[in-house]
Amino acid sequence: MPYLFILVIPLIILLGLASKTFGVNQEYQRAVLFRLGRLGTTKGPGWYWLIPFIDRVVKVDIRTVTVQLETQETITRDGVAVRVNAVLWYRAADPARVVTSVEAYQSAVVQAAETGMRDAIGQSDLDQMLKDRIGINKRLLDLLASAAGRWGIEIDAVEIKDVDIPEQMQRAIAREAEAIREKRARIIKAEGENEAAQKLAEAATMIGTAPGALELRRLQTLTEIGVEHNSTIIAMLPVELLHAAQKIAGLPPTSAD
């Protein structure tokens with residue numbers, strides 16, 4: 001029995017040492033190696049060897065992380081108070097720099113994103129925020145990428161999700177949009193009347209050059225009225241038309257002539 005105990009103790013020690021001589025990374029993990037406190041190589045996916053009690057590794061997840069930023073209350077460049085929230089996508093592009101350059105890199109990236117969002121909104125007008133959100137997203141991405149790049153973090157995208165403005169400002173924007181639509185409608189109507197007047201002037205000029213054109217147009221109008229409305233029409237015929245009819249019938253001119 002004492003001999004068995006003596007054999008078991010070294011076996012347990014050997015198994016413990018063996019468990020510290022290698023490590024395993026998943027496909028989405030990287031292990032940053034430190035040897036006696038000095039930065040070593042970065043181990044990729046799969047298994048790798050370690051020197052017990054000398055090597056130490058810090059594992060970093062390189063998958064893209066999605067973070068919904070907290071709602072930020074800030075003021076635009078034209079002095080309007082707004083509430084804005086956004087969504088951030090980032091990943092660890094350089095695991096060694098992530099481990100050695102910043103502590104708690106995930107929290108640091110979120111704080112930098114919230115600060116950059118406030119700066120981007122403060123440099124924009126309210127109309128620009130509502131109409132050119134893509135431009136603001138690009139500006140925010142540039143601000144955040146310059147800060148996170150020093151930490152080995154790559155920003156995939158950052159997008160403003162919602163913009164909440166005061167109710168009074170919403171009513172003012174609605175009145176402005178209604179006034180713009182009314183202005184556009186009046187301009188279109190005026191342009192139509194202008195074109196119609198030009199066409200009528202051209203038609204009047206053409207009719208004035210032909211002696212019988214005006215009378216033909218009058219008869220055509222009477223025909224259209226008779227088709228569309230069931231009513232009695234009293235038409236005043238010109239004297240020239242009566243003279244023509246008398247000549248055709250061979251009658252002498254009347255005294256009324």
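Here is a short walk through this structure, from the whole chain down to single residues.

The model is predicted, so local features need pLDDT of at least 70 and side-chain atom pairs count only at pLDDT 80 or more, while totals for chains, interfaces and linings use all residues. Residues are numbered from 1 along each chain as its sequence is written, and side-chain values use heavy atoms, leaving out hydrogens and water.

Let's start with the whole chain. It has eight helices and nine strands; these are DSSP runs numbered from the N terminus, with helices (H or I) of at least four residues and strands (E) of at least two. Of its 257 residues, 23% count as buried, where buried means under 20% relative accessible area, exposed means over 50%, and partly exposed lies in between (1.4 Å probe, protein chains only). Among contacts (heavy atoms within 4.5 Å) between residues at least 6 apart in sequence, 61% join residues at least 24 apart.

Now look inside. The largest nonpolar core has 37 residues; such a core is a set of buried Ala, Val, Leu, Ile, Met, Phe, Trp, Tyr and Cys residues joined through side-chain atoms within 4.5 Å. Elements giving two or more residues to this core include β2 (29–35), β8 (81–92), α3 (105–122) and β9 (153–164). The largest share, nine residues, comes from α3. Val-84 is among the residues with the most contacts inside the core. Leaving out residues up to four places away in sequence, Val-84 touches several residues, including Met-117, Ile-121, Met-129 and Ile-160.

An α-helix has 3.6 residues a turn, so residues three or four places apart point the same way.

Beyond its neighbours within four places in sequence, Asn-137 is in contact with Val-158, Glu-159 and Ile-160.

Phe-22 lies in strand β1 and is partly exposed, with a relative accessible area of 39%. Together with Val-24, Trp-47 and Trp-49, Phe-22 forms a nonpolar patch on the surface. Strands β1 (22–25) and β4 (46–49) each supply at least two residues of this patch.

Conventions:
Patches are made of residues with over 30% relative accessible area and no salt bridge: like charges are joined within 9 Å, nonpolar side chains (Val, Leu, Ile, Met, Phe, Trp, Tyr) within 5 Å. Accessible areas come from the Shrake-Rupley method with a 1.4 Å probe; for residues, only the protein chains shown count as cover. A salt bridge is a side-chain nitrogen of Lys or Arg within 4 Å of a carboxyl oxygen of Asp or Glu.
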